[in-house]
Amino acid sequence: MQQTLENFLRALRATNVRVSPAEAIDAHFTVDSVGYSDRTLLKDSLCIALAKSEEEVERFDECFEIFFTRDEFRDREEPSGGDGLSNAESEMLGEQPLAELLLGGSETEMAQAMEQAANDAGVANIRFSTQRGLFTRRILDRMGLRDLERLIASLNRQEGDQVAVEMAERLEEGRSYIFEEVRQYIDRQFDLYARNAGEELREEFLAKTNLSAVERRDFDRMHRIVRRMAKKLATRYARRRKHTKRGVLDVRRTLRKSIPHDGIPFETVWKQTKIERPRIVVIVDVSQSVAAAARFLLLFLYSLHEVIATLRAFAFSSHLIEVSDILKERNVEEAIPEVLEKIGFRSTDYGQALEDFEDLHMDALDRHTTVIILGDGRSNDTDPRMDLMRQIHDRSKSVIWLNPEPEPFWGTGDSEMHRYRNFCQVAKTCRTIQDLERIIDDVMKTYFRA
Amino acid sequence: MNDIVSQDTLDKKLASVESIMDGLGSNGYIASRRIATAIFVAENLSKPILVEGSAGVGKTELALSTAQWLGLPLIRMQCYEGLDESKALYEWKYGKQLLYTQILKDKMGDTLSDSKGLDEAMQRLHGFGDLFFSEQFLEPRPLLKALRQKHGAVLLIDEVDKSDEEFEAFLLEILSAFQVSIPEIGTIQATVPPLVFLTSNNMREMGDALKRRCLHLFIPLPDAKLEQKIVASRVPEIEERLRRQLVTFVQMLREDDLKKLPSISETIDWARVLLLLHADSLNTALVRDTLNVLLKFEQDIAAVERSVPELTRKAQQA
């Protein structure tokens, strides 16, 4: 039974429920105290001990149902020989458990034999879909397929013997039946143990994919990755908001605290520096060429809300509008298509956009604000308004320009990137989510350096 | 309530999931099977339970009812930002400590007057027990109190998500080993491990370390059948017809897009209000007048107001 629980834990891990060794021990204790006899009790108590969040509970339930459901064999037509085997037949089969099973065994017996063989073959180790054939073969081998094949061949050779030929036919039928069952069983096991391995591979790949090349069907997955990255950053920086300057006594507050103790300074208070949270203004180009990257940048920033004090977002292609409200009211995933529909996909005019920005928000920039601009800097030969860019630079703490184009392309054709970059503290290529993560991490660092 | 509860009766009460369900039920808390299983497992593994769920589904109530049913003292600690160990665990009785040093100074002269030379005086001084940091001067706060209960206790750490991360880290020792370390004294071990409930509204995600040490229980909003049972047990005076109608109404509300869905506590409040108004069935005017008991946001009330007649009609048919 211990093996069963181990396998179950492995299946759980494969569905992304984290089970640490300590929790595995808990699971064993739990099973010791509740036993296997009551299914609901077992399920509920294991769930309580192992699943640590609402989503994990859901995944646990699903996994439990798949795992602890006995694989039912398809009903098959009764072997034509009736229930038992006649003595002559038994003799013909010799010592062949698989053949006996196929001819006279019940579905349950066969299922048991198969599970036993599967356990011996280590089916819980399956990882890739290409291994399915291999494991099917291994299980069948353990069940004695080779001997069976030899038996069928030898029966077929006895040409004159009617009984032998008939028997060979029945065995052939049985063989293809069991083969199909094992194949299905392996499919289910693959679902159970390896569903997630492929997912992980896919996510790793996506993190390195060019943002404009991400396909629509992968958006959900991308959103998940972005949220996870953002969460990691958020927890890293959320911790460090208060920083004690060790060794520098806050005399005023120490005296204040000593009053109840007759002026004896029992409790000392140390000076602290408060670390302010970043204020970010983000301006994104949502024209055709950059829209994909804009989506993920906005999602990233809005997932960081815990550690960002204020976040204002502006979007432009030919004109610029503020989109903070749309993004705040709705889920970012839903809001972005709406923003794109409103002003996206037109030809860009950086000069006009900067002018609009001056009207809307220039006053609110101060030395605490970081301005993040996402765009390719291609202004379609209109006036790039460098004077406004200089103003933004002078008023803010720092300006960061993210460009989805690789650096060699900057300044070619109608790109004004080389001129704009003079007014930026940082100008970087941002092609994948990994780039995005790195850059935003840098932004955070400038604020949280204690 | 503070009668001494023998371990045997406790064991008997916690012997099976069914007995827990019955016991809590007799105390007015209708527990689902999963809730009862959580308590059963918690008792068997000696682990704390982290209870999550939206506001008003009965997280705190679970701890209160369990304590009442088991006849154990309930020790409650409300968490908030800035809560630290001097408020949660222990504090020194500074005043008494100061008095003690005064007395010590006075007595010291007498005691040491006949000793010859500094060395002997020091020897004698070391001979006295050092009481300054001792348990006598310790002011126990909720956590320490819970550990020192001779016959066990129910410890409720309410809204643990509101506390700071440092405090969460500091809880770990208590939750995993049921002990606390006080630097000046040493480790204090629980006499009988208390039954610990932590509740969380998911204001922030709890750390993995904390989650790992706890059993996790999520209490969802109840289905109609369970909710009827709960209302019946909490407001027994209410008629069955009205009860069925109001539960149906609330269940329908929960399917709307509301800022704050009404939870069990709101249903119970509403039932009480309707009882007070001597209503025997729902009607549109009555629902309109009392909607503010169920919904706590102006926008929500405005959103529902329009569909009140229809919802009421449907509820009446139930």
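**Note on the predicted two-chain model**

1. In this predicted model, the contact between the chains draws 21 residues from chain A and 18 residues from chain B. On the side of chain A that touches chain B, the elements giving two or more residues are helix 2 (21-34), helix 3 (39-50) and helix 4 (54-67) of chain A. By type, the residues on this side of chain A are 8 nonpolar, 6 polar and 7 charged.

2. Within chain B, helix 12 (residues 240-253) packs on helix 13 (residues 264-276) at an angle of about 140 degrees, and their axes are 11 Å apart. Angles over 145 degrees would count as roughly antiparallel, so helix 12 and helix 13 of chain B are described as oblique to each other. The crossing of these two helices of chain B is right-handed.

3. Which residues form this contact in chain B? Helix 12 supplies B:Leu242, B:Arg243, B:Leu246, B:Val247 and B:Val250, and helix 13 supplies B:Thr267, B:Trp270, B:Ala271 and B:Leu274. The residues of this contact are 7 nonpolar, 1 polar and 1 charged.

4. B:Ser46 is not a glycine, yet its phi is positive, near 50 degrees. B:Ser46 sits in the loop between helix 3 (33-45) and strand 1 (49-52) of chain B. B:Ser46 counts as partly exposed because it has 14 C-beta neighbours inside 10 Å.

5. B:Phe178, also a residue other than glycine, has a positive phi near 50 degrees. Its place is the loop between helix 9 (165-177) and strand 6 (179-182) of chain B. Is B:Phe178 buried or exposed? B:Phe178 has 20 C-beta neighbours inside 10 Å and therefore counts as buried.

Conventions. Residues are numbered from 1 along each chain as its sequence is written. Chains are lettered from A and ligands numbered from 1 in the order in which they are written. This is a predicted model: local features need pLDDT of at least 70, side-chain atom pairs count only at pLDDT 80 or more; totals for chains, interfaces and linings use all residues. Helices (H or I, at least four residues) and strands (E, at least two) are DSSP runs, numbered from the N terminus. A residue is buried if 20 or more other C-beta atoms lie within 10 Å of its own, exposed if 12 or fewer, and partly exposed in between; C-beta atoms are placed from the backbone. Two residues are in contact if their C-beta atoms, placed from the backbone, lie within 7 Å. Ala, Val, Leu, Ile, Met, Phe, Trp, Tyr, Cys and Pro count as nonpolar, Asp, Glu, Lys and Arg as charged, and the others, Gly among them, as polar. Axes are lines fitted to C-alpha atoms, for helices over the stretch in contact, and angles run from 0 to 180 degrees between N-to-C directions. Angles under 35 degrees count as roughly parallel, over 145 as roughly antiparallel, 65 to 115 as roughly perpendicular and the rest as oblique. A crossing is left-handed if the near helix is turned anticlockwise from the far one by less than a right angle, and right-handed if clockwise.
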